Amino acid sequence: MTAAAKPQSPMARKEKEKDREREEFDRKERFNEEKLIQRGGPRRRDARQADVPTSVTVEGPMTVGEFAKLIRREASEVIKKLLFLGIMATINQEIDTDAMELIASEYGITLEVKPPVDEEAIDMLVEEDRPEDLVPRPPVVTIMGHVDHGKTTLLDAIRHSNVTETEAGGITQHIGAYQVEVGDRKITFLDTPGHEAFTTMRARGAQVTDICILVVAADDGVMPQTIEAISHAKAANVPIIVAVNKIDKPDANPDRVKQELTQHGLVPEEWGGDTIFVNISALKRQGLDELLEMVLLLADIRELKANPKARPRGTVIEAKLDRGRGPVATVLVQNGTLKVGDIVVAGTTYGRVRAMVNDRGKRLKEAGPSTPVEIQGLNGVPSAGDLFVVYDDERAARNLVEKRANREREQMQATTRVTLDDLYRQIREGNIKEFNVIVKADVQGSVEALVHSIEKIEVEGVRVKVIHRAVGAITESDVALASASNAIIIGFNVRPDANAKRAAETERVEIRLYRVIYDVISELESAMKGLLEPEFKEVTIGHAEVRQVFHISKVGTVCGCYVQDGKVTRDAQARLIRDGIVVYEGKVDSLKRFKDDVREVAAGFECGLTLERFNDVKVGDVIEFFKMEAVKPQ
Ligand SMILES: Nc1nc2c(ncn2[C@@H]2O[C@H](COP(=O)(O)OP(=O)(O)OP(=O)(O)O)[C@@H](O)[C@H]2O)c(=O)[nH]1
């Protein structure tokens, strides 16, 4: 109930009565308090009054409980005051700003009503930075390249050769990104090499990387993933520096790498292009300084800048649920300066930053642009690639997150997931051609037996594919895989753990648990049979006699009919019979009762109808209406 703002034009007598009640209430309060003080109890009211605010700001209706907290009063007291104003409200009910104003004035508190913040707007708002506020920021680098070309070795080598004296004692923390110092400058590296992570983030709208280091092994040359990486970097408009790696190897051929890359649009400077190539050995730590210098040079050319004074915002690099610390997220600050105590919204999570730690395990109070930090205090685990932004107001943050979560839920519900019961329909609609299952069982023997039998189930047109099999409980990662591959999970003598259960609920992944192998097979089989092209049988729904025929230009021949038995429906199929001979078979095109289009007309009524592409109708013809119904195969 949203309570009314003011007592409704109370009559003078009523008003007087209320005044009296109020006085009585105050008198009792004073009396109670004095008693309490006499007993040596705390001067509760005074104590509370000491920190009662003189003014408060609200944005709109709030619950009695929230409002009481805001004006630092007991909720029960506020409820009583509201009662005197003729407003019945419980602690969880919302009161409007007029009611709040009245209560506040009773306590001598000024209530300011601020128009509500458009939470989404803050999030989307691109705040213009004043040029004088912009300062250079460290570049953010992602390392990409083909498998085994040395990405991880390079990341580790850079990380370990550029630890500053002061930080050397710190323990390396793998938080998903790290920063190194080169002279008096810094470079931020994202720790997850490869273009998949890069693109996943980009798919979520995150543009994090400024520069891409493409690692190509000099003994192996350009390989498929090298080319993929180039495409991904180009698609994101991120400049590439080529690190020709493994030059320590006897069969290293850096020139071949250059030649091959030229065919993919990366032409070295000495050949007239503008791509920087650096020969390195990640293993022997050669050429690393030059590589880092080139990164800084490119950063200078790009004039990477940010405004440390702006509203802090950035991207979640990775996040997890830590047993001891709760949700932790590594975020990359991209603008502004993130501080401990800030209220952050990240994807569908929010919270106040309780603590910030850098990649050396050092606690920070604030983190400026391009700094990766691990933060604690969010109420959930956001996803990598989620954008984060700092809010001034916790309530607005919560509102936004709730809105987003609802929207996400709706979107989830709109997407179809395969379930055994629904399999038949989904296949019919062409949603699945291959039925994916994940098999988890208690012992290896059962896994093998199940997979063997399941894969033998043969139903024309549809294949069962066991995409993952393993011994053990059903875990969250099984659910993630099932969700990504639109699979169901079959558990044999095993159960999902709590996390898996929760994930399956949110992801709407079906988990089927069995104790008898035969049951698994027979249930799957019956679902699979549902997958077969169903057989159809004709079901007659009614007959009508043609009593009049009208030829109307543009419309065609309209049959004025009398429904003899059953009914006629607009979506029915029709068969025109003349003297016992079928002269037409097709569909009802339109169906009217008088001038109105109708869905169906029952026996005993007249109707006007047209038949699809058929005009040769004569008075006395009989039309038979029927439907084709699917029959489940046995
Ligand atoms: N000789 C030599 N070996 C190297 C060099 N860099 C990496 N390696 C070796 O190459 C192999 C693959 O290196 P990784 O760093 O794991 O390669 P990666 O690109 O991260 O591989 P994935 O993570 O599988 O994609 C390892 O055995 C490294 O020791 C180098 O500069 N010289």
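**Exercise 1.** Which residue in β24 is the bridge partner of A441?

*Solution.* This is a predicted model, in which local features need pLDDT of at least 70, side-chain atom pairs count only at pLDDT 80 or more, and totals for chains, interfaces and linings use all residues. Residues are numbered from 1 along each chain as its sequence is written. Begin with the two strands (DSSP runs of E, at least two residues, numbered from the N terminus). Strand β22 covers residues 434-441 and β24 covers residues 487-492; they run parallel, joined by six bridges. Strands count as paired if DSSP finds at least two bridges between them. The partner of A441 is F492.

**Exercise 2.** State the strand order of the open sheet and find its edges.

*Solution.* The order of the four strands is β23-β22-β24-β25, with parallel pairing. β23 (463-471) and β25 (511-514) each have a single partner strand, so one side of each lacks a neighbour in the sheet.

**Exercise 3.** Describe the largest nonpolar core and the second one.

*Solution.* A nonpolar core is a set of buried Ala, Val, Leu, Ile, Met, Phe, Trp, Tyr and Cys residues joined through C-beta atoms within 7 Å. Buried means that 20 or more other C-beta atoms lie within 10 Å of the residue's own, with C-beta atoms placed from the backbone. The largest core has 78 residues, of which F189, L214, V242, A243, V244, V331 and V345 touch the most other members. Strand β9 (residues 211-217) gives the largest share of this core, seven residues. A second, separate core has 28 residues, including L450, F492, I511 and L524.

Terms used:
Buried ≥ 20, exposed ≤ 12 C-beta atoms within 10 Å, placed from the backbone.
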